[in-house]
Amino acid sequence: MATIFAEQALLPEGWADAVRITVGADGTIAAVEPGATPQDAERAAGPVVPGMPNLHSHAFQRAMAGLAERAGPEEDSFWTWREAMYRCVATLQPEHVHAIARQLYVEMLKAGYTSVAEFHYLHKDPAGHPYADPAEMAHRVGAAAEDTGIGLVLLPVLYRHGGFGGQSPGEGQRRFTLTPDAYLDLLDAVAPHVATGIAFHSLRAVSGDDMAAVLAGVDPARPVHIHVAEQRREVEDCRAWSGATPIDWLFDHVEVTARWCLVHATHAGEGELARMAASGAVAGLCPTTEANLGDGMFPARRFVELGGRFGVGSDSHVTVSPSDELRWLEYGRRLIEERRNRLFSPTRPSVGGFLWDAALAGGAAALGLPAGRIAAGSRADLVVLDGAHPLLAGRRGDAVLDRWLFAGDARMVRDVMAGGVWRVRDGRHAGEEAAARGFVEAMRALAA
Ligand code: ZN
């Protein structure tokens with residue numbers, strides 16, 4: 001049992017002063033009392049906000065972050081990046097994946113992410129054979145989360161085909177592919193150890209029958225994630241194959257509900273945005289990766305007007321920071337529309353306040369976790385911003401979030417509690433040296 005006293009904290013009903021937060025031994029918040037006295041509580045060193053769920057991660061890709069920024073002989077695109085990613089994948093051993101994910105999850109916690117949905121498709125050995133334990137790689141990701149204390153929702157990914165219409169997978173995809181039966185076995189093997197959801201790589205990689213076979217075999221309450229409409233070529237290929245765009249095809253063939261997360265719905269048109277918003281599905285947005293890959297910009301402002309839900313993910317991990325993702329989400333709209341302050345609501349004119357709260361709600365829904373709220377019964381995921389930071393001096397309420405998201409960075413994050421345990425104290429994670437050593441060793445081995 002821990003009790004924290006915050007001069008100001010962001011609660012579901014808005015900012016409140018003098019808040020006592022009691023954390024239970026089960027890692028959830030037991031009580032929240034605004035207008036309280038500090039008594040014997042630990043005083044937070046600055047404003048307290050809920051930690052951010054990271055709704056989309058491919059942990060292994062941190063190994064190649066920033067290493068695909070050299071122009072090649074042909075026009076570079078998502079598709080040439082994907083070839084570089086396949087070359088990286090070909091060399092990874094289970095111990096590398098463990099070390100990479102552990103370092104990454106430390107960085108996530110230090111930046112203010114307190115849980116992560118790991119979209120995990122690296123299932124097999126370099127030759128494309130299952131490991132002796134087919135859940136080997138999934139367990140390595142689980143162990144990395146355990147080492148660091150981040151809340152993990154593991155999304156084993158069904159990846160079966162190399163393109164629309166059941167094309168054969170290519171050489172670079174052989175470590176990813178599973179049949180629906182093998183997929184369900186994998187899910188059964190990991191479910192006793194970690195929180196799980198379901199993921200379909202994309203409509204390029206699974207058929208309607210594959211999806212139906214999996215959805216019929218799993219708990220209907222679990223979250224379901226899929227990549228859709230990330231690239232214009234993907235949309236065109238889907239049209240050529242089916243006559244419909246990927247998002248329309250999905251809604252026409254599968255019951256998409258509020259438990260779905262549509263990742264990179266970048267090229268959604270007006271009708272597709274309306275279908276997504278009406279379904280309650282969360283748009284999974286990864287603006288820094290989408291920028292890095294030259295994907296395009298999701299029409300977030302229109303989606304918000306339609307009442308759509310969204311959250312953010314660090315995806316390929318070119319940056320590991322929820323403030324960067326949200327800043328780029330807003331800046332993308334500003335650059336396209338040549339206007340300021342694009343994402344807000346009539347009741348929440350602060351862009352920083354609106355973005356943080358909306359991404360908390362969307363992220364928690366996408367992970368299927370009671371998280372993203374400083375309220376009794378929610379996971380005790382807290383970010384204490386540095387009240388001694390010069391830019392936060394004298395700032396109250398949403399001005400704190402505006403400062404952090406638009407003028408600050410991860411160094412404003414001072415203390416982070418995930419699942420009721422302080423994991424970052426004064427900007428440091430207790431396991432950061434060990435994690436960095438393991439990562440360096442893995443990088444050297446992979447470079448050699
Ligand atoms: Zn992805």
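About 620 Å³ of space lies in the largest pocket. Lining it are 25 residues, with M64, L67, A68, A84 and R87 the closest to its centre. Two elements give two or more residues each to that lining, α1 (78–89) and α14 (432–447), and α1 has the largest share, 7 residues. By class, the lining has 14 nonpolar, 5 polar and 6 charged residues.

Some terms. A pocket is an open set of points on a 1 Å grid over the protein atoms alone, where a 1.4 Å probe fits, with protein on both sides within 12 Å along at least five of seven lines; lining residues have an atom within 4 Å of a point. Volume is the space filled by probe spheres set on the points. Helices (H or I, at least four residues) and strands (E, at least two) are DSSP runs.

This is a predicted model: local features need pLDDT of at least 70, and side-chain atom pairs pLDDT 80 or more, while totals for chains, interfaces and linings use all residues. Numbering starts from 1 along each chain, and side-chain values use heavy atoms, without hydrogens or water.

The second largest pocket holds about 280 Å³. Of its 18 lining residues, E146, L152, H193, V194 and A195 lie nearest the centre. The largest share, 6 residues, comes from α3.

Now the zinc ion. Its protein donors (N, O or S within 2.8 Å of the metal; 3.2 Å for Na, K and Ca) are H56, H58 and H227, each through NE2, at 2.0 to 2.2 Å. Their spacing along the chain is H-x1-H-x168-H.

Notes
Ala, Val, Leu, Ile, Met, Phe, Trp, Tyr, Cys and Pro count as nonpolar, Asp, Glu, Lys and Arg as charged, and the others, Gly among them, as polar.
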